[in-house]
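Welcome! Here is a short briefing on how two chains meet and on the spaces in and around them.

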Amino acid sequence: MLTISHLKKRFGQRTILEDIDLTVHQGDVITLIGPSGSGKTTFLRIITTLEQADGGHIQFAGIDKDFADLTKRDIQTIRRNVGFVFQNYNLFNNKTVLQNVTEGLIVAQKRSKAAAKAIAVSALAKVGLADFQDYYPSQLSGGQAQRVGIARAIALNPKVIFFDEPTSALDPELVTDVLQVMRQLAAEGMTMVVITHQMSFARDVSNQVIFMADGHVIEKGQPSQLFTTPKVSRTKQFLAEILATV
Amino acid sequence: MKELSLILQFVQQILPAIWITLLISVISIGIGTIFGFLLAWGKMSRLKSVRWLTSIYVSVIRATPAIIMIFIVYYGLPFLFKGWFHLNIEGWQRMYFVIIALTLLFSAPVAEIMRSAYLAVPKGQQEAGLLVGMTKFQVFYRILLPQAFVIALPNFANSVINLLKEGALTFTIGVVDMVAKAQMIVSNNSGGFAFETYGALALIYWVISLAIDKFVSSAEKAYRRKRQTIDGSREAV
């Protein structure tokens with residue numbers, strides 16, 4: 001459904017991503033793990049066209065092109081077929097919770113206000129925020145804001161949702177709620193690509209784990225394999241470090 | 001007590017000229033705001049040359065005292081028009097020159113205010129907007145602009161009040177505004193009651209400024225109240 005191949009990214013002299021491949025099938029839950037600065041976020045930002053690649057190919061939503069050849073229309077097509085959940089939520093501060101969710105439905109997908117509202121209400125119910133429709137983002141806790149962010153993404157019915165460290169900005173006691181919503185989404189068959197430091201989530205929910213470091217994919221595999229018997233010493237070292245701190 | 005009734009009497013005499021002052025201010029503010037918006041855009045342009053040009057324009061205008069600007073426009077513009085377009089604009093109403101000068105003066109601080117307000121809106125929202133499928137313009141118009149507007153409001157009101165006060169120099173090129181009217185009253189009284197006359201003038205300016213201030217702060221409050229219409233007793237979970 002989504003195939004990225006030979007993706008490259010440089011900032012000046014520095015190589016951020018080198019020859020990255022990714023294949024996502026319908027219903028996949030793929031987690032990206034790795035130390036900060038390994039290029040995970042940049043990777044997602046390039047796939048979702050927030051940043052430009054310096055090389056590589058994308059196959060998605062009827063597009064089969066090198067990144068360099070993407071037209072404005074292709075970019076719009078990609079954006080309209082993905083959902084994105086940001087580390088810092090990035091809710092629209094001048095809109096209510098409900099409007100945050102309906103905005104894309106009405107403005108981009110051209111749905112009627114009533115239809116958009118119905119979709120939004122059910123999306124908000126799914127993340128447990130049905131009662132918060134009229135709140136503004138400044139009145140929400142981090143966990144609530146992030147769940148609105150998730151509702152905003154799922155309401156658009158995207159082919160795949162990207163999560164960029166969705167729980168990293170949250171207080172520890174709020175992480176559970178958000179992860180719970182994500183687990184439920186995965187159980188319902190939503191296709192997800194998730195950057196996370198929550199190893200338990202990666203282990204329990206994903207069907208593929210990709211370990212990245214220094215702009216390379218070091219190792220990928222099923223969680224049962226990668227977490228118990230990593231093949232590469234770099235992976236072993238990272239897992240030992242991160243599991244020791246939990 | 002006698003002073004007070006005199007002042008009120010002078011207020012009555014000056015007040016008819018308020019329309020000139022208001023007309024000049026409103027037009028200058030209107031055009032100056034549009035101009036300032038374009039300048040703010042220019043200052044954030046991707047093109048270095050555009051950024052450079054707008055920055056120079058803004059800093060030169062900001063460094064020009066109002067009275068000098070009015071004189072430069074009044075004496076310089078006809079000269080330029082004759083040289084460049086072979087047009088004689090000396091017959092223009094003097095008010096036009098004041099409006100041009102004040103528009104230029106207003107555009108520079110407004111450009112700065114708009115630019116900094118725009119920069120103060122967290123830009124992650126722009127990316128979020130793009131990724132729910134909106135175009136760049138839709139994100140700007142629906143998400144970023146309304147937030148920048150609220151941020152800009154208090155400073156914008158300050159600039160409006162400043163403009164109003166700079167507009168008091170209009171009389172220097174012979175437009176009969178409130179200040180000119182007050183001067184006439186003083187000279188008709190052979191220099192008498194100068195304190196009461198100018199006191200009356202000050203009173204009018206004070207009331208207008210106060211009204212602008214009140215209007216803006218109530219607009220701000222209304223905006224904030226909109227966010228507090230929700231039952232506060234329901235605690236965030």
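Ala, Val, Leu, Ile, Met, Phe, Trp, Tyr, Cys and Pro count as nonpolar, Asp, Glu, Lys and Arg as charged, and the others, Gly among them, as polar. By that scheme, the lining of the largest pocket has 25 nonpolar, 7 polar and 7 charged residues. This is a predicted model, in which local features need pLDDT of at least 70 and side-chain atom pairs count only at pLDDT 80 or more, while totals for chains, interfaces and linings use all residues. Residues are numbered from 1 along each chain as its sequence is written, chains are lettered from A and ligands numbered from 1 in the order in which they are written, and side-chain values use heavy atoms, leaving out hydrogens and water.

**Where the chains meet**
- Chain A brings 30 residues to the contact and chain B brings 26 (contact means heavy atoms within 4.5 Å).
- About 2,500 Å² is buried between the two chains, 56% of it on carbon and sulfur atoms; buried area is the accessible area (1.4 Å probe) that two parts lose on being put together, summed over both.
- There are 2 salt bridges between chain B and chain A (a side-chain nitrogen of Lys or Arg within 4 Å of a carboxyl oxygen of Asp or Glu).
- Arg142(B) forms a salt bridge with Glu103(A), with the closest N and O atoms 2.4 Å apart.
- On the side of chain B that touches chain A, helices H6 (124–131), H7 (136–166) and H9 (194–226) each give two or more residues (helices, H or I, have at least four residues and strands, E, at least two; both are DSSP runs, numbered from the N terminus).
- H6(B) gives the most to that side, with 7 residues.

**The pockets**
- The largest pocket holds about 1,500 Å³ of space. On a 1 Å grid over the protein atoms alone, a pocket is an open set of points with protein on both sides within 12 Å along at least five of seven lines, and lining residues have an atom within 4 Å of a point. Grid points are joined across faces, edges and corners, and a volume is the space filled by probe spheres set on the points.
- H7(B) supplies the largest share of the lining of the largest pocket, 10 residues.
- The second largest pocket has a volume of about 320 Å³.
- Of the 16 residues lining the second largest pocket, the closest to its centre are Ile29(B), Val160(B), Ile212(B), Phe215(B) and Val216(B).
- The lining of the second largest pocket has 15 nonpolar residues, 1 polar and no charged ones.

Note on methods
1 Å grid on protein atoms, 1.4 Å probe; cavity = no way out; pocket = protein on both sides within 12 Å on 5 of 7 lines; lining within 4 Å.
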